[in-house]
Amino acid sequence: MRPVYLLLVPVGLIAAAGCGYTDDSADDMERMAQRVRGEFEHAWSGYRQYAWGHDALRPLSNSHRDWYDQSLYALRM
């Protein structure tokens, strides 16, 4: 074996351990799904409150940003 392969095998095993299938219980999966939904709803409500009709939310200043002079928001009425 070449020395390069000896270095790559442990790195590959470590990387595979972090991204493989895990045997999580259904309760853990449901808790994670609830957490993801909550985070999405938080982000969406911030966008609606502070940046609706604009291209992006600036969360630290609670303001909005448009990429160009006119917003890319196509459905503005």
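A residue counts as buried when its relative accessible area is under 20%, as exposed when it is over 50%, and as partly exposed in between, using a 1.4 Å probe and protein chains only. By this scale Glu-30, at 41% relative accessibility, is partly exposed. The structure is a predicted model, in which local features need pLDDT of at least 70 and side-chain atom pairs count only at pLDDT 80 or more, while totals for chains, interfaces and linings use all residues. Residues are numbered from 1 along each chain as its sequence is written, and side-chain values use heavy atoms, with hydrogens and water left out.

**Salt bridges**

- With a salt bridge taken as a side-chain nitrogen of Lys or Arg within 4 Å of a carboxyl oxygen of Asp or Glu, the count comes to 2.
- Asp-28 is bridged to Arg-31, with the closest N and O atoms 2.3 Å apart.
- These two residues, Asp-28 and Arg-31, are 3 residues apart in helix H2 (residues 26-51), and so they are separated by about one helical turn; a helix here is a DSSP run of H or I with at least four residues, numbered from the N terminus.
- Asp-28 is partly exposed at 35% relative accessible area, whereas Arg-31 is exposed at 54%.
- Glu-30 forms a salt bridge with Arg-37, where the closest N and O atoms are 3.9 Å apart, and Arg-37 is partly exposed at 42% relative accessibility.

**Aromatic rings**

- Rings of Phe, Tyr and Trp (its six-membered ring) pair if their centres lie within 6.5 Å, and a search of the whole structure finds 3 such aromatic pairs.
- One aromatic cluster is formed by Trp-44, Tyr-47 and Trp-52.

Conventions
Phe/Tyr/Trp six-rings, centres within 6.5 Å; stacked < 30°, edge-to-face > 60°.
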